[in-house]
Protein chains: 2
Amino acid sequence: MRTKSAESVFTIGVDLGGTTTSFAIVDSSGKIIAKELISTRTSSVDEWADNLSCGIEKLIVSSGIGGNIKGIGIGAPCANAVTGCIEAATDLPWKSPIPLAQMMEKRLGLPTTITNDANAAAIGEMAYGSALGLKNFIVLTLGTGVGSGIVCDGHLLSGTRGFAGELGHMTFSFASDRECACGRKGCLQTVASAKGIIETTRRLLRESDTPSSLRDIPADELSPLAVQQAARDGDNIAREIYDFTGRCLGMAAAEFASITDPEAIILFGGVSKAGDLLLNPMKEAFRQSVLHLYRDTVKLTVSGLRDADAAILGAASLPYLGQD
Amino acid sequence: MRTKSAESVFTIGVDLGGTTTSFAIVDSSGKIIAKELISTRTSSVDEWADNLSCGIEKLIVSSGIGGNIKGIGIGAPCANAVTGCIEAATDLPWKSPIPLAQMMEKRLGLPTTITNDANAAAIGEMAYGSALGLKNFIVLTLGTGVGSGIVCDGHLLSGTRGFAGELGHMTFSFASDRECACGRKGCLQTVASAKGIIETTRRLLRESDTPSSLRDIPADELSPLAVQQAARDGDNIAREIYDFTGRCLGMAAAEFASITDPEAIILFGGVSKAGDLLLNPMKEAFRQSVLHLYRDTVKLTVSGLRDADAAILGAASLPYLGQD
């Protein structure tokens, strides 16, 4: 047993979301050994980095792992793998650019690799989730914003400066009256993100007199999960919210199919937990609007991984990828 | 000299367009030795294949090449490299699927490889044209329809069944009242193709009383080239046509930038010969509508290769690629 312990290698996977940061110790087989959360809504990025460093150190101690920590992998919005910086994230409360890799290396003395949070989710789905064995798929992360990781011909698209796959900022007529944090109108994420769900809720409640349990929820407590719960309890407005969001996602997915001829488009993140409430209208709208070439060839599904595990596992695999 | 001749290897490159088929003998350095055209508007695909075979044989004899013909490469709409078939092309006058590779192998006894015509153009641009040395770019072929070849991280995207890069069938609100040959509305190609230019011309002439030399051209003689000539002669309607088309292309290119973070988006084909008439409004619209991340990083340009050379050269390189 001593020999095994001496050989064990671990990495730290971090999923930096707009609201919450999840982090975990992961072993070399992809098993999550210990996991923790901190808030992303701090007044400064230094405060957040201090909290994260402290949290990681505590997790290492409490888990009692005997092996080596190979490095830290972080999935974050607008993270540039080349520079190690968050360049221009509109969904984070801090000013960009943020030299994230450098900040964490300085605090913990561990080599740190970063990538787009959606790319991290895509790597996680490919290694352990719904995309196991697939060579062509798109992961849409429906969180505070909407990100995407595009895998085509077995390769995760990176692009000139690492900014490939910003599908959440592609614009659609169904969102033409919605302003995005990026300063433009019509971005997919103005509808399909947590913020988008809340905005749709506000609009539908304002535009009708239909009774709804959602009217009893204080504005600052509205969330995709609260709407999902109401929909499952039979609330008509709540069902309409997910029906609308699903149809929009179906129309968007129909456009995305024309880009990479994917085998699957996988939804990931808080909004996707609605499952069939979202998937059924999405599939119907996809079928109605997609080009004939892709009509029966794209599987639309939600992540097969629990919680934010895909993003964390993908991030945790970054220190290994860095060696290629 | 005899030794050199004995070593020479040639390939046949074929660019199957919706109206015209170009084909050429190309040497291993990418030099076009001899080139010819036939019409694509035949009543049957067999008639076309007979004409092409006959034309290739004549070209081989008349060019007096002494070396080996390694194979034939064909770029064609909706061509599937995996099956060797044209699967469901809406811009060809024949019924799909068409076992194109097999048909040509049978007629000429030469190994035949096919790919999407836009992919062939992308390979040609990468090998000899505007994309020389680039690892991230998109080629938009503005011909009878609109095709695209997407190169990301140095790799030409293929997708599950070889149907990646159908960007001409992505839909946009600026074309929401235009019906596409695919049966849907709003596809980019309903505006930015040769057919799109003609439709825009008809609409603008109908909607205004502005004098225009285009009114003197019989409907069946209207072409992108005729409109380009009129625009260069100062015709206001003709300028408005390319201004509108350029703006639409700029808005579309702004969306495409979010997909692969490209260094360049390269226009190719008949409509692109308008040059700055098209590029200037395209650049302005791109800058106005693109996400900040890509605002000053994408070069918009027209193909640096003469006529359909990029497509032919790309197709001619297919027999070599097939050996990888």
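**Starting from one asparagine**

Find N80(A), which sits in strand β5 of chain A. Strands here are DSSP runs of E with at least two residues, helices are runs of H or I with at least four residues, and both are numbered from the N terminus. A word on ground rules: this is a predicted model, so local features need pLDDT of at least 70, side-chain atom pairs count only at pLDDT 80 or more, and totals for chains, interfaces and linings use all residues. Residues are numbered from 1 along each chain as its sequence is written, while chains are lettered from A and ligands numbered from 1 in the order in which they are written.

Is N80(A) buried or exposed? N80(A) is buried, because 22 other C-beta atoms lie within 10 Å. The cut-offs go like this: 20 or more other C-beta atoms within 10 Å of a residue's own means buried, 12 or fewer means exposed, and anything in between is partly exposed, with C-beta atoms placed from the backbone. Setting aside neighbours within four places in sequence, N80(A) is in contact with C85(A), E87(A), R161(A) and G162(A). "In contact" means that the C-beta atoms of two residues, placed from the backbone, lie within 7 Å.

Now look at C78(A), in the loop between β4 (68-76) and β5 (79-80) of chain A. C78(A) has a phi near 60°, a positive value in a residue other than glycine. C78(A) counts as buried, with 23 C-beta neighbours inside 10 Å. Another positive phi turns up at D153(A), about 55°, and D153(A) is not a glycine either. D153(A) lies in the loop between β9 (146-152) and β10 (155-156) of chain A. With 17 other C-beta atoms within 10 Å, D153(A) is partly exposed.

Next, the prolines. A cis peptide bond joins S96(A) and P97(A), with omega about -10°. P97(A) is in the loop between β6 (85-86) and α3 of chain A. Over in chain B, the bond from S96(B) to P97(B) is cis too, with omega near -5°, and P97(B) is in the loop between β6 (85-86) and α3 (100-108) of that chain.

Two packed helices are described by the angle between their axes and the distance between the axes. Helix α2 (residues 45-63) of chain A and helix α3 (residues 100-108) of chain A pack at an angle of about 45°, with their axes 10 Å apart. That makes α2(A) oblique to α3(A); angles under 35 degrees count as roughly parallel, over 145 as roughly antiparallel, 65 to 115 as roughly perpendicular and the rest as oblique. From α2(A), the contact uses A49(A), S53(A) and I56(A), and from α3(A) it uses M103(A), M104(A), R107(A) and L108(A). The axes are lines fitted to C-alpha atoms, for helices over the stretch in contact, and the angles run from 0 to 180 degrees between N-to-C directions.

P262(A) takes us towards the other chain. P262(A) is in the loop between α8 and β11 (264-268) of chain A, and it counts as buried, with 27 C-beta neighbours inside 10 Å. Leaving aside neighbours within four places in sequence, the contacts of P262(A) include N136(A), F137(A) and V298(A), along with G159(B) and T160(B). K135(A) is 127 residues away along the chain, yet its C-alpha atom and that of P262(A) are separated by 8.3 Å.

Zooming out to the interface, 31 residues of chain A are in contact with 31 residues of chain B. On the chain A side, the largest share, 4 residues, comes from helix α8 (residues 236-260).

Finally, the whole of chain A. Chain A has 10 helices and 12 strands. Its C-alpha atoms fill a box of roughly 65 × 45 × 40 Å, taken along the principal axes. Buried residues make up 54% of the 324 residues in chain A.
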